[in-house]
Amino acid sequence: MLWKGRRQSDNIEDDRSDSGGGGLGGGGGQFRLPIGGRTGGGGSIFLVILVVLAGWYFGFDPSTILGGGDGGLLPGGGGQITDNSGQDGGTAPANDEMKQFVATVLAETEDTWTGIFKSQGLTYEDPKLVLFSGQVRSACGFASAAAGPFYCPGDHKVYLDMTFFQQLDQQFGASGEFARAYVIAHEIGHHVQNLTGIMSKFNQMRQSMGEVEANQMSVRIELQADCFAGVWAHYTGQKGILEQGDIESALNAAKQIGDDTLQKKMQGYVVPESFNHGTSQQRQTWLARGYKSGKLSDCNTLSGPI
Ligand SMILES: [Zn+2]
């Protein structure tokens, strides 16, 4: 992606330096992503993850992968997950070039969605993007970087620990700049769902649903965010700033983080009832569909077959 020299968004909140200190009632450090062995603990380190509405994050639900309970998926649910990533990237160095990249992609999403909303007679409201390191407090509760990037509908902010990009590359096999852009665009897709009322409708419906049904609905919401990311990529392509291989790297990322692929990788088998983001094929299909036409009307994942 030819992003250098383009506008960078002002809507970045850089909380990387003060995360870990923040008011967990007694030593926030214990909740820090303990890469580097700060808390010791032998090979397997447990993290407490307190995420409300964590179903909105981009990646996967660790409790599903690990066969755990509901920690991480249900509102108010807390639970323990294992940091089994084995990543060795250190704790979020202040990578200015990466920050500039994120700010530029965010600016591109602002421009694209402002235009799309305007064409529908609507006003797009720019979300904030919070860069954090290890853990963060949002209107949706506390979140650990282990949960991956996420969007919090309560405060209209996307939360991103950029070490996830390393994980994406090294652990999930999804490399490339545009794979990272897709991550951001997917979260912005959730913001669009929030602004257009899709998300609150889903949350309402979800209250009367059982777990399996709620997962199925979650998949539809996630696939739509993928499709919206594709719509964004479509308009970005029209600006002539995509490079050869960009779309392929986003599609590969969609494949690598599909529920089935992740589950196979992490636990060796798949549990389709627990899918909440969509299979590799579904995620690729909807990303590609949005990219191809650039039309929101092609992103109706909420009814019909997916
Ligand atoms: Zn998502």
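How many disulfides does the rule for sulfur pairs give? The count comes to two, where a disulfide is a pair of cysteine sulfur atoms within 2.5 Å.

## Basis

This is a predicted model, in which local features need pLDDT of at least 70 and side-chain atom pairs count only at pLDDT 80 or more, while totals for chains, interfaces and linings use all residues. Residues are numbered from 1 along each chain as its sequence is written, and side-chain values use heavy atoms, with hydrogens and water left out.

## Disulfides

A disulfide is a covalent bond between the sulfur atoms of two cysteines. With the bonded cysteines of the protein chain numbered in sequence order, the pairing is 1-2, 3-4.

Cysteine 140 and cysteine 152 form a disulfide with their sulfur atoms 2.1 Å apart. The torsion about their S-S bond is about 95°, so this disulfide is right-handed. Cysteine 140 lies in the loop between β5 (135–138) and β6 (141–144), and cysteine 152 in strand β7 (residues 150–152), so the pair ties together parts 12 residues apart in sequence. Strands (E, at least two residues) and helices (H or I, at least four) are DSSP runs, numbered from the N terminus. Both cysteine 140 and cysteine 152 are buried; buried means under 20% relative accessible area, exposed over 50%, and partly exposed in between (1.4 Å probe, protein chains only).

In the disulfide of cysteine 227 and cysteine 299, the sulfur atoms are 2.0 Å apart. This link is left-handed, with -75° about the S-S bond. The pair links distant parts of the chain, 72 residues apart: cysteine 227 is in helix α6 (residues 211–238) and cysteine 299 in the segment after α9 (280–293). Cysteine 227 counts as buried at 0% relative accessibility, and cysteine 299 counts as buried at 0% as well.

## Zinc site

His186 (NE2), His190 (NE2) and Glu222 (OE) are the protein donors of the zinc ion, at 1.9 to 2.1 Å from it. Donors are N, O and S atoms within 2.8 Å of the metal (3.2 Å for Na, K and Ca); water is not among the atoms, so sites may look incomplete. The donor residues are spaced H-x3-H-x31-E in sequence.

## Helix α4

Histidine 186 and histidine 190 both lie in helix α4 (residues 177–195), four residues apart, about one turn of the helix. An α-helix has 3.6 residues a turn, so residues three or four places apart point the same way. Both histidine 186 and histidine 190 are buried.

Of the 19 residues of α4, 17 are buried, so the helix is largely enclosed by the rest of the structure. Glycine 197 follows α4 and has a positive phi, near 85°.
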